[in-house]
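Trainee: Can we go through this one together? I'd like to start with the packing and then move to the charged pairs.

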Amino acid sequence: MSQPDQADPQRIQLHADASGHASVIQLGQGTQHIYYAADSGPAPRALATAIRTLPRDISAFTGRRRELDRLVDAGSRAAESGQAVGIHVIDGMAGVGKTAFAVHAAHLLAPRFPDGQIFLDLHAHTPGQRPVDAGDALRVLLLTTGVAAHLLPADLDSRSAMWRDRLAGRRMLILLDDAASHEQVRPLLPATPGSLVLITSRRRLAALEDVVPLSLDTLHPAQASELFTRLAPASRSEPDAVAQVVDLCGYLPLAIGLLAGQLRHRPSWTVTHLAADLGTAQDRLADMQAENVAVTAAFDLSFNDLPAEKQRLFRRLGLHPGPDLDAYAAAALDDTDLTHARWALDTLYNHHLITEPARGRYRFHDLIRAYAHNLARHDAPAERDAAVDRLYSYYLRAAAAANRHIAWRSDPTEPPLAHSAAAVPDVDTRSKALEWLETERPNLTASVDHAAASGRYAHANHLAAAMYSFLRSAGHWDQALAIHQTAVTAARLDGDRLGQARALSDLGAMQRLTDDYPAATASLTEAIGLYRDLGDGQGQAEALNQLGVMQYLTGDYLAAAATLTEALTLHRGLGHRLGLANALTDLGIVQRLTGDYLAAAATLSDALDLYRDLANRNGQATALNQIGVAQHLTGNYPAATATLTDALDLYRDLGDRHGQAMALNDLGAVQHATGDYPAATATLTDALNLYRDLGHRLGQAEALTDLGIVQRLTGDYPAATATLTDALNLYRDLGRRLGEAMALNDLGAVQHATGDYPAATATLTDALDLYRDLGHRLGQAEALNRQGELLLVSSSRDDARERHDQALRLARELHNPLEEARALEGIGRCLIHARDTEDGVNHLQRALTIYRRIGVPETERVTATLAEFRSTTVVPDATGDHE
């Protein structure tokens, strides 16, 4: 066969003869192909094909504007400057549209490279064939540029040198499609400026020097929908269904194109039906095919590139129930060490089988996840089960280690199922523990659900218990409710009564925080019964503690005191100091609510000392917060401000959003009591926003109540009425009678200020009745003083005096200086009204002394009243001396 020395490079084609050597065939005019096939082995080498023009551009090319602009701009600058070879590697997962993107960009850039374009398919992923050999690729490239076949060098280096020499001084655009490796590509790259090389690959060719990588992700949802409708125009009338279909395709162009093609050729189909079929399919991937093209087949080619041990890890990653993972979880699944797990993950990442959205965090594309899961189903069941058990045991060990820094209770140092030998990350500080728990939260909650669904009931129960303290502190209460309910069900199915009791106790605590008081009471009561039957004193004491909190929240202070005293006794008998501190804290709250401030201060101080001995910062913050409230109620506002600020700082340092909201609300109450209304408004608004974020309706009601007070005190009566009414409705919805009384008391004050005396009378009467039913003596004193103020201006001076007398007795019994001063002021005004000016002024002076001592805005009001008398009468000053 003749091999002309001067063959026209656009009019020849090479084929392999029987011996594997190339042959040249003359063709007609027009764009032609040059082929070369090397000797075939067990898996034959792919046919090397070079085209002296670009493949057809795709008319339906959609999106990628940012990436396209970046590439075209870089290519244009390379062409204009002529100072460097432009080499761009376009990589991405199978089916993401790398070739379509590269061809589209090449068509836009082609006019800037007048010496021609070459397209060479390197066949890294052609079924049944090995990638094109670099030497074979160079042979074809050289032939395309006019080198006669008999002049081709035999060795790779010589061919590469000749190729680079042929490109010197030329401005060509070369598209190398589907590259297998840097070894395959490097000999094909020009050495002198002027040309542009675009390389596509499913692998990240990180070993190539002086290249610009451009990784393609899946399409944006809007672009994916546009692509679908361009490929199947009839679908434009069903935009919602199109959005659902492309979402189920994972926004992968290959999958979108295959399904759009099916729809285009099935006129009886609708997108709605297609979406419904995909949404309910057991295997979505099976539906994503047309003729001999399939998403699964594309993934197979990437998977088959992997060594056997990397294939095994890939399949086992498909067993992971969460959205992402790290090397520790991968090591547990694959029963390997951390170093080998990282190497294997790097390999999968470099093959675009996983992504790394954050450093050290790896994630599957949805369709590749489904593919990996399908592959794992063919592994031996015992191997699959062992891998999942190792994963859950690892999560239990790591969660238990992290939990030591944030625990609200004493848990076992390591759950009995946490026997995995896998490495555990460094969580030896609170900040590291919180960071790990927040990062792994979606995986841990998914693991609870998956463990329960797969019959691993003990794992589900222990994982949920390990997350209790973190989810509670971080405010992820909806998730906590869900996993603890799952844990209760799992423990019942497993016949695990102790696990059931623990899960019920945790569930009850979360039901209380989310304001479902009846359900919380039921869960905690059942937990206590189980713990008693099992003889578990510590569990019983902790559940009693939670029940006592429920009881005081619903206003049953006597029952709360009894329940908490029982818990206290159990904790003391067991020597359980953390439980003892928790019970003391809650008992101190009951004492404060019932007006026994001195006892409350002592009890809370004992709790704080215990927490400090235990280095338990959660408990310290809670005890400080409650001590600050008690200081507020006893009129020690500077101390209250300092203590509540310390509590707030601790809560912030701990990342406890619920605690922050409580401390902010209580600090805002002190600020409005001392007349700093701007600061109070800002602080209370911050508290309200936090409570809203948490979905904590009781906290919202409390913040709204204090905001309403500030609005009343600053004269914004319409806003105060609306805010207090919102708080009142929340309290009533929650069955929180104490809060209802507080809101009524302040709403009555607004009605008084706006002159609606009948409404104020009724509202304040309701408030006083509720306070009396609850045995809340401070509330009674407040309501009595309010009634006295109203009666003085609306009806009876004598009745007003009687109300203030009652309030004075209660305030002195409670050691509450603010209500004592208000009662004295009210009595003084009643006396002045009865023309007993001297005695009335004396009571006002005594009130003023207290107001000045505690530093409240009422000081100005009484000072102004007394000034009216000083102009005509000698009045004793606040120290008892005469002017």
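Mentor: A definition to begin with: a nonpolar core is a set of buried Ala, Val, Leu, Ile, Met, Phe, Trp, Tyr and Cys residues joined through side-chain atoms within 4.5 Å. Buried means under 20% relative accessible area, exposed over 50%, and partly exposed in between, with a 1.4 Å probe and protein chains only. This is a predicted model, where local features need pLDDT of at least 70, side-chain atom pairs count only at pLDDT 80 or more, and totals for chains, interfaces and linings use all residues. Residues are numbered from 1 along each chain as its sequence is written, and side-chain values use heavy atoms, leaving out hydrogens and water.

Trainee: OK, how many residues are in the largest nonpolar core?

Mentor: The largest nonpolar core has 232 residues, and those with the most contacts inside it are Phe-228, Phe-299, Phe-314 and Trp-436. Helix α16, residues 381-403, gives the most to this core, with 11 residues. Helices (H or I, at least four residues) and strands (E, at least two) are DSSP runs, numbered from the N terminus. Another core, of 32 residues, lies apart from the largest one and includes Leu-142, Ile-174, Val-185 and Leu-205.

Trainee: What does Phe-228 touch?

Mentor: Not counting residues up to four places away in sequence, Phe-228 touches, among others, Val-242, Ile-256, Leu-259 and Leu-274. Contact means heavy atoms within 4.5 Å.

Trainee: And Phe-299, which residues of its helix α11 are buried?

Mentor: In α11, residues 295-304, the buried ones are Val-295, Ala-298, Phe-299, Leu-301, Ser-302 and Phe-303. They pack against α8 (253-264), α10 (284-287), β11 (293-294), α12 and α15 (366-376).

Trainee: Switching to charges. How many salt bridges does a search of the whole structure find?

Mentor: It finds 35, a salt bridge being a side-chain nitrogen of Lys or Arg within 4 Å of a carboxyl oxygen of Asp or Glu. One of them joins the side chains of Arg-316 and Asp-334, at 3.1 Å from N to O. Arg-316 is in helix α12 (residues 308-317) and Asp-334 in helix α13 (residues 327-334), so this pair ties together parts 18 residues apart in sequence.

Trainee: Are those two buried or exposed?

Mentor: Both count as buried: Arg-316 has a relative accessible area of 12%, and Asp-334 has 7%.

Trainee: What about Arg-617 and Asp-653, how far from N to O?

Mentor: Their salt bridge is 2.2 Å, N to O. Arg-617 lies in helix α26 (residues 617-633) and Asp-653 in helix α27 (residues 637-654), so the link spans parts that are 36 residues apart in sequence. Arg-617 is partly exposed at 31%, and Asp-653 is partly exposed at 48%.

Trainee: Where do Glu-438 and Arg-441 lie?

Mentor: Both are in helix α17 (residues 430-453), 3 residues apart, about one turn of the helix. Glu-438 is partly exposed at 32% relative accessibility, while Arg-441 is buried at 16%.

Trainee: Which residues are linked in a network?

Mentor: Asp-324, Asp-326, Arg-361 and Glu-440 are linked in a network of salt bridges.

Trainee: Last topic, strand β4. Which residues sit on each side?

Mentor: In β4, residues 48-51, Ala-48 and Ala-50 are on one side and Thr-49 and Ile-51 on the other, all of them buried. Strand β4 pairs with β6 (residues 117-121) in the antiparallel sense over 3 bridges, where pairing takes at least two bridges found by DSSP. Thr-49 stands opposite Asp-121 in β6.
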